[in-house]
Structures are given as C-alpha cells and as structure tokens.
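Colleague: I'd like to learn how to read a model like this one, feature by feature. Could you take me through it?

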Amino acid sequence: MDTFSEGKMNLNQCFVSEETENQEDKMMKKVLSIILAMMMVLFAAAAFAAPATLASVKEKGELVIATSPDFPPFETLSGDGSVTGIEMELAAKIAEKMGVKLTVEQVNFDSILLGVMNGSYDVGISGFSVTEERKKNVLFTDPYCMAAQAIVVVEGSPIATKADLEGKLISVQAGTTGELYCLQNGYNVESYSSNTDAQMAVQNGTVDAWVIDDLTAAEMVKANNEKGGKKLVVLSEAMTAEPYAFAFAKESGDLVEAINGYVDEMVADGTVAAIFEKYDAPYTSPDAVK
Ligand code: ARG
C-alpha cells in the first residue's frame with residue numbers, strides 16, 4: 001500500500017526533480033532492504049541443506065539415501081511401500097556400522113545427483129556407475145561390483161547383436177549411463193523417467209530395443225516372461241562394462257573415506273558376494289577389472 005501511494009506521488013511530481021530524487025532514494029532503500037532480506041533467506045536455506053560430512057551425519061544420527069526403486073535386484077518397491085534389494089542391504093549395513101539410522105528417500109533417477117550435490121540427501125545409492133563425467137560433480141566410494149549395459153528386445157526381433165541396432169529406436173532411462181552411451185554413439189534414443197516405462201516401450205513396440213544394466217535386465221525380463229504376454233530376450237552381447245559405487249557431494253570427503261573403509265571390508269570379507277547370492281544375482285567383484 002505504502003509503495004503504491006509513493007509510486008503515485010512519483011508520477012504526480014515527476015517534474016519536481018528534488019522531490020522525485022527523495023522519493024527515488026526511499027524507493028531504492030526499500031528495494032535494497034527487500035533484496036537483502038531475500039538474500040538472508042537464501043543463505044539460511046543453503047546453510048540448512050549443506051552437503052553431508054561425517055560429523056553432520058553422526059550429529060543427526062541418520063544417513064539419508066536417495067534411490068530410484070525401479071532397479072531390481074538393487075532396489076525395488078515392495079508391497080508395503082518400503083524399498084528392498086541388494087543396495088538397501090548394503091546401505092543398512094553401512095548405517096549400522098556407523099551407528100546411525102537409515103532413511104530412504106524415493107527419487108526419480110535423474111534428480112538424485114543434483115539432490116546429493118545441494119545437500120537434500122547425504123548419498124545417492126541407486127546402481128550408480130562410476131564415470132569420469134559424473135566425477136566432475138560428485139565423489140564416488142570405491143566400487144563394490146561390476147555391471148554392464150545390456151540390450152533387450154522382444155522375442156523374434158531381427159535385432160540379434162549390437163551392430164543390428166544401427167538406425168533403430170532404443171528406449172533408456174533418463175540420466176543413466178545407458179542413455180549417455182547410446183547418445184554418444186549416435187543411436188536414436190527415447191528416454192523415460194522410469195525403467196518400467198522404458199521396458200513397456202519395447203514390449204509394446206514403441207521402440208525396437210531397450211538398453212539397461214545387465215542384472216536389472218535379467219531380473220525384469222524374467223519377471224515379465226513369467227507373467228505371460230509378449231516375451232522379452234536379453235542379448236548376449238553387452239554394450240559396456242561399468243563399476244557401481246555410491247555417490248556423494250564433493251564436500252563429503254571425510255564421509256566417503258569412512259564409508260570406503262566399510263565398502264572395502266564388505267567386498268573383501270565376502271559380505272557383498274553373499275548378498276548378491278541371496279538375490280540369485282551373479283556377482284562380479286570390482287577387483288576383476290583392477
Ligand atoms: N548404472 C546406470 C547409471 O549409473 C543405471 C542406474 C539406474 N538406477 C536406477 N535405480 N534406476 O546410470
């Protein structure tokens with residue numbers, strides 16, 4: 001109201017230069033104080049959501065992980081709404097070793113790393129492949145397993161090898177290494193925010209093939225084929241080989257160091273291999289490529 005009436009006065013007095021200056025001064029001061037107040041709010045918000053450190057996690061007594069639970073056997077949504085899978089077991093073990101409680105946030109895959117970087121989550125645990133590109137923005141723990149990008153088609157498809165994909169349309173999950181690989185290698189790509197939709201696209205013929213991590217491919221194709229309907233096939237030729245690790249903000253160095261101790265220990269003492277076995281998933285140790 002105040003500002004509005006001042007504005008009116010300005011209009012009426014626009015030829016009275018001194019008065020106008022005074023009014024402008026006042027206006028300027030108001031604008032500056034509003035900007036200052038907004039900056040303070042922004043600073044407060046930023047301080048609130050600072051990326052995790054070892055001390056901050058211990059202090060709040062909680063490790064907050066972000067995951068996209070459309071990725072069996074690593075993370076899937078169970079009937080009661082909780083997330084289960086290999087990585088959830090690993091995360092639970094890490095939280096236990098740290099003596100903190102585990103909180104699981106369900107997030108679209110392509111928003112996880114941003115949320116980790118701005119401090120909304122302490123760590124991204126979602127089948128993350130370690131890449132040089134991602135390393136520019138986040139820190140990775142030591143890898144705990146090896147995976148690959150596999151090609152999935154409908155039974156009877158003319159596509160039998162990677163070479164047959166030329167000129168074909170491929171479904172991928174947005175923000176994944178599968179998407180990046182296909183784009184960088186000149187394939188035609190249709191990106192979906194959930195893996196389930198990417199699978200649906202190959203199933204109903206919207207695309208010719210689906211590129212997806214190998215263990216998830218095996219699991220989702222098996223579940224699909226058991227349900228009946230159009231059968232899917234995983235081709236034996238893979239596109240890439242990629243290590244999986246957990247992703248942290250650049251500021252979380254001491255936390256990564258602490259968690260590396262647990263990851264290395266669980267790889268070395270067979271804990272990781274045993275969890276894979278529990279989920280009937282073939283395990284390839286990261287040492288296989290070291
Ligand atoms: N390994 C791939 C990547 O890092 C795909 C991971 C997808 N994860 C998921 N939970 N949907 O990009």
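Modeller: Happy to; we'll go from the overall fold to the cores, the sheets, the ligand shell and a few backbone details.
Modeller: First, the ground rules: this is a predicted model, where local features need pLDDT of at least 70, side-chain atom pairs count only at pLDDT 80 or more, and totals for chains, interfaces and linings use all residues. Residues are numbered from 1 along each chain as its sequence is written.

Colleague: How many helices and strands does the protein chain have?
Modeller: Helices (H or I, at least four residues) and strands (E, at least two) are DSSP runs, numbered from the N terminus. Here they come to 11 helices and 15 strands.

Colleague: And what share of the 290 residues is buried?
Modeller: A residue is buried if 20 or more other C-beta atoms lie within 10 Å of its own, exposed if 12 or fewer, and partly exposed in between, with C-beta atoms placed from the backbone. In the protein chain, 34% of the 290 residues are buried. For contacts, we ask that two C-beta atoms, placed from the backbone, lie within 7 Å. Of the contacts with a separation of 6 or more, 70% are between residues 24 or more positions apart.

Colleague: Which residues touch the most other members in the largest nonpolar core?
Modeller: The general idea is that in soluble globular proteins, nonpolar side chains tend to be buried together. A nonpolar core is a set of buried Ala, Val, Leu, Ile, Met, Phe, Trp, Tyr and Cys residues joined through C-beta atoms within 7 Å. The largest one has 45 residues, and Ile65, Val116, Val123, Val138, Phe246, Ala247 and Phe248 touch the most other members. Elements giving at least two residues each include strand 1 (62–67), helix 5 (109–117) and helix 10 (253–268). Helix 4 supplies the largest share, 5 residues. There's also a second, separate core of 21 residues, with Ala150, Leu165, Ile170 and Val202 among them.

Colleague: What is phenylalanine 246 in contact with, beyond its neighbours within four places in sequence?
Modeller: Phenylalanine 246 is in contact with Val123, Gly124, Ile125, Phe128, Phe140, Thr141 and Ile259.

Colleague: Now strand 12: why call it largely enclosed?
Modeller: Because 5 of the 5 residues of strand 12 are buried. As for partners, two strands pair if DSSP finds at least two bridges between them. Strand 9 pairs with strand 12 in the antiparallel sense over 4 bridges, with alanine 150 bridged to isoleucine 212. Strand 10 runs parallel to strand 12, joined by 2 bridges, and there isoleucine 170 stands opposite alanine 209.

Colleague: Which residues of helix 7 are buried?
Modeller: In helix 7 (residues 177–184), they are Thr177, Gly178, Glu179 and Cys182. Their cover includes strand 9 (149–154), strand 10 (169–173) and strand 12 (209–213). After helix 7 comes glycine 186, with a positive phi near 75 degrees.

Colleague: In what order do the 3 strands of the open sheet run?
Modeller: The order is 2-3-4, with antiparallel pairing. Strand 2 (70–71) and strand 4 (83–84) are the edges, each pairing on one side only. Strand 2 meets strand 3 (residues 75–77) over 2 bridges, and phenylalanine 71 has glutamate 75 as its bridge partner.

Colleague: Last one: which residues come nearest to the ligand?
Modeller: A residue counts as near a molecule if its C-beta atom, placed from the backbone, lies within 6 Å of it. Of the 14 residues around the ligand, Ser68, Phe71, Gly127, Ser129 and Thr176 come nearest. The shell draws at least three residues from each of domain 2 (54–146 + 243–289) and domain 3 (149–234), bounds that come from an automatic or database domain assignment.
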